[in-house]
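Here are a few exercises to work through with the model open beside you. Try each task before you read its solution.

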Amino acid sequence: MQRENINSEKLFADKAEISAAYEELRGAGLNLDLTRGKPSAEQLDFSTDLLCLPGENFLSPSGLDVRNYGGLIGITELRVLWANLLNLPADLVLACDSSSLNIMFDLISWSYTFGNNDSPKPWAVEEDVKWICPVPGYDRHHSITGLFGFEMLTVPMTETGPDMDAVRELVKDPAVKGMWTVPIFANPSGVSITPEVAQELAEMETGAPDFRIVWDNAYALHTLTEEFPDVINVLDLAEKAGNPNRFWFMTSTSKITLAGAGVAFFASSKENLDWYGSVANVRGIGPNKVNQLAHLQFFNDEEGVRNLMRLHAGSLAPKFERVIDILRTRLGEYNVAQWTEPKGGYFISVDLPEGTASRVVELAKEAGVSLTAAGSTWPHMHDPHNSNLRLAPSMPTLEQLEVAMNGFATCVLVAAIEKLEAEQQGAEA
């Protein structure tokens, strides 16, 4: 957010009104939460019938008794259903337990401990391990690579995906072992990686032979409109580019059915899947196939999944529209913020005047509105500009959201005025 664009004249003209609005906000006794992208109670109710399944029939359509051992790669029919939704070959898709985040952690942990199928040696004994993090990005991604002590290298997100000039330069270093991506409706920007950028990622030369891109398609089906996004078959792109093992592709039903009680899916090359299975089959006896059968019966087919996602869109879209409307109405004329207007996903990214994001969070907290901490969209919680905030409209009711967003807007204006006044005082000193 450029300082010279701010309408300081109007801000100062309206200062008394803005200050009064904030004092009224503080006195309202609010307790509202815009921190994480959790489905609302209404959305969770869409999947209540899932809790009654699979009923008394515990045989999958192919005759597998899901109560017993076996089926370590998941129920065939559910793998086929999800592969069709994701434009992938079913034999390269595994149905796993509930969390794709667990799969990501395992892939990095096992590469660190043992090395992956292309590693000359385990990452743990490498002199240095580096990882590319497009920013703003997903805090839980950063937490994983941060936990293992990787040096996290930031690259800007553009309207087409990560800045490829920066990425191509970084991957020349053999210490750079991988990269995070959320390719459709990215967290928090809502940007989708274009086919052209996906092609570049598949084709680019890397210094590390075991370089991996985590293709976390968490929001592949999470449209806010009637249009479902095209899912790029990056496995095919990578195969044709001569880099078949480049992508670790995963997704889940966490924001489709019930969080923590859904199904996660992992797709990759056969060689990558064989390596993954060689460790996963030692770690455990396989996924919860009873839950997988319940999901298969609940969805029935691909159109059943899309129909459920249309219900989610009906719940979420009015909230996103209201947030953007309030941002435009309350902040637009002051030019104190820039924000994304996504067509899907769970978040809106807001850029504020440099140095004010943490102050906005502080002001909002004092007024009873909880926001995701400033810096959360950057590795190690450090946004060097202290300007980006992530808004999560899904959890509150529409009425609560309106109150919270008007409160947020007031806090942005107060913080902007404070910044301008501090700059004036500094110039006069």
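Predicted model: local features only at pLDDT ≥ 70, side-chain atom pairs only at ≥ 80, totals over all residues.

Is L147 buried or exposed? To work it out, take the cut-offs: buried is under 20% relative accessible area, exposed is over 50%, and partly exposed is in between (1.4 Å probe, protein chains only). L147 has 61% relative accessibility, so it counts as exposed. As for its place, L147 lies in helix α6 (residues 139-147). Helices here are DSSP runs of H or I with at least four residues, strands are runs of E with at least two, and both are numbered from the N terminus.

Residues are numbered from 1 along each chain as its sequence is written, and side-chain values use heavy atoms, with hydrogens and water left out.

**Exercise 1. Find S119 and work out what its side chain contacts.**

Step 1: go to the loop between α5 (100-114) and β3 (130-135), where S119 sits.
Step 2: check its accessibility; S119 has a relative accessible area of 18%, so it is buried.
Step 3: look for polar contacts, meaning pairs of N or O atoms within 3.5 Å; within protein, one must be able to donate a hydrogen and the other to accept it, and residues adjacent in sequence count only if both atoms are side-chain atoms. The S119 side chain reaches the backbone nitrogen of N116 at 2.9 Å. It also makes a polar contact with the side chain of W123, at 3.5 Å.

**Exercise 2. Describe the surroundings of S111.**

Step 1: read off its relative accessible area, which is 0%, so S111 is buried.
Step 2: list its contacts (heavy atoms within 4.5 Å). Leaving out residues up to four places away in sequence, S111 touches N116, P122, W123, W248 and W275. N116 and W123 turn up again here: they are also the partners of the S119 side chain.

**Exercise 3. Which residues of helix α4 (residues 76-86) are buried, and what covers them?**

Step 1: pick out the buried residues, which are L78, R79, L81, W82, A83, L85 and L86.
Step 2: look at what lies over them; the cover includes β2 (93-95), β8 (247-252), β9 (264-267), α11 (289-299) and α12.
Step 3: take α11 and get the geometry. Axes are lines fitted to C-alpha atoms, for helices over the stretch in contact, and angles run from 0 to 180 degrees between N-to-C directions. α4 and α11 pack at about 50 degrees, with axes 9 Å apart. That makes the pair oblique: under 35 degrees counts as roughly parallel, over 145 as roughly antiparallel, 65 to 115 as roughly perpendicular, and the rest as oblique.
Step 4: name the residues that meet. From α4 come E77, L78, L81 and W82, and from α11 come Q292, L296 and F299. They divide into five nonpolar, one polar and one charged. In this scheme Ala, Val, Leu, Ile, Met, Phe, Trp, Tyr, Cys and Pro are nonpolar, Asp, Glu, Lys and Arg are charged, and the others, Gly among them, are polar.

**Exercise 4. How do α12 (residues 302-331) and α14 (residues 398-428) pack?**

Step 1: take the angle, about 30 degrees, and the distance between axes, 10 Å. The angle makes α12 roughly parallel to α14.
Step 2: list the contact. P318, K319, R322, V323, I326, L327, R330 and L331 in α12 meet a set in α14 that includes L398, L401, E402 and M405.
Step 3: sort the contact residues, which gives twelve nonpolar, two polar and four charged.
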